[in-house]
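This report describes selected local features of a single protein chain. The sequence and structure are shown below.

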Amino acid sequence: VEDDADIRHFTATLLNGQAHLVAAESLAQAKALLAQKHFDLVILDIGLPDGSGLDLLPQLSALTPAVPTVIFSAQEMSSDMAQEISAVLLKSRTSNEQLLETIRSLVAQNK
C-alpha cells in the first residue's frame, strides 16, 4: 500500500521473480483489495493521500489467517502499535537487502 509510484516500481523491481505484487495507492483501494483476496504479506506506507496507512491495522488484524504487515514508510510510528506489526522499516534507513530479507523471512514464517 504505497502512493508513490517510484517506490512501487522500486519494490516490484526488487522482488521481480520472487513475488507477485498487487499495488494499492490509497486506503480505499487497499480496503477493497483486502476484502476480495488473501495476501501473504502487506507492505504498508503510513502517509497515504486519503489517510494514515495505520488505519488498515484493525482490518488486517481481523483477517484469518493473520497477514504479516511491514511498515515501510518515511514516517516514524509510535511503539503502541508494535504488537500489530511484523516489522517497521524506515525508507531512509533501509537497504535493498534489508527490505528483501525482511519480506522473505516473514513470508517463510507465515507458510
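Two rings of Phe, Tyr or Trp, the last taken by its six-membered ring, form a pair if their centres lie within 6.5 Å. The model discussed here is a predicted one, and by that criterion the structure holds zero aromatic pairs. A ring does take part in another kind of arrangement: the charged end of lysine 91 sits over the ring of phenylalanine 72, 6.0 Å from its centre.

**Helix 2 and its surroundings**

Helix 2 spans residues 27-36, and Leu27, Ala30, Leu33 and Leu34 are buried in it. Viewed down the helix axis, these buried residues fall within an arc of 130°, so they line one face of helix 2. An α-helix has 3.6 residues a turn, so residues three or four places apart point the same way. On the other side of helix 2, Ala35 and Gln36 are exposed. The cover over the buried residues of helix 2 includes strand 1 (42-44), strand 2 (47-48) and strand 3 (51-52), together with helix 3 (57-61).

**The largest pocket**

The largest pocket contains about 700 Å³ of space. Its lining comprises 28 residues, and those nearest the pocket centre are His20, Leu21, Val22, Leu41 and Ile43. Two or more lining residues come from each of helix 1 (5-14), helix 2, strand 1 and helix 4 (96-110).

**The loops at histidine 38 and proline 65**

Histidine 38 is located in the loop between helix 2 and strand 1, whereas proline 65 belongs to the loop between helix 3 and strand 4 (69-73). Threonine 64 and proline 65 are joined by a cis peptide bond, with omega about -5°. Most peptide bonds, by contrast, are trans.

Which residues does histidine 38 contact, leaving aside its neighbours within four places in sequence? They are Pro65 and Val67. Histidine 38 has a relative accessibility of 45%, so the residue counts as partly exposed.

**Two C-alpha separations**

Alanine 108 lies in helix 4. The relative accessible area of alanine 108 is 53%; the cut-off for exposed is over 50%, and therefore this residue is exposed. The table gives one C-alpha separation for alanine 108 and one for histidine 38.

| Residue pair | Separation along the chain | C-alpha to C-alpha distance |
|---|---|---|
| Alanine 108 and aspartate 3 | 105 residues | 27 Å |
| Histidine 38 and alanine 66 | 28 residues | 9.8 Å |

Conventions. Residues are numbered from 1 along each chain as its sequence is written. This is a predicted model: local features need pLDDT of at least 70, side-chain atom pairs count only at pLDDT 80 or more; totals for chains, interfaces and linings use all residues. Side-chain values use heavy atoms; hydrogens and water are left out. Buried means under 20% relative accessible area, exposed over 50%, partly exposed in between (1.4 Å probe, protein chains only). Helices (H or I, at least four residues) and strands (E, at least two) are DSSP runs, numbered from the N terminus. The arc is that of the directions from the helix axis to the C-beta atoms. Contact means heavy atoms within 4.5 Å. Rings of Phe, Tyr and Trp (its six-membered ring) pair if their centres lie within 6.5 Å; planes under 30 degrees apart count as stacked, over 60 as edge-to-face and the rest as tilted. A charge sits over a ring if NZ of Lys or CZ of Arg is within 6 Å of the ring centre and within 35 degrees of the ring normal. On a 1 Å grid over the protein atoms alone, a cavity is a set of points where a 1.4 Å probe fits but cannot get out, and a pocket is an open set with protein on both sides within 12 Å along at least five of seven lines; lining residues have an atom within 4 Å of a point. Grid points are joined across faces, edges and corners, and a volume is the space filled by probe spheres set on the points.
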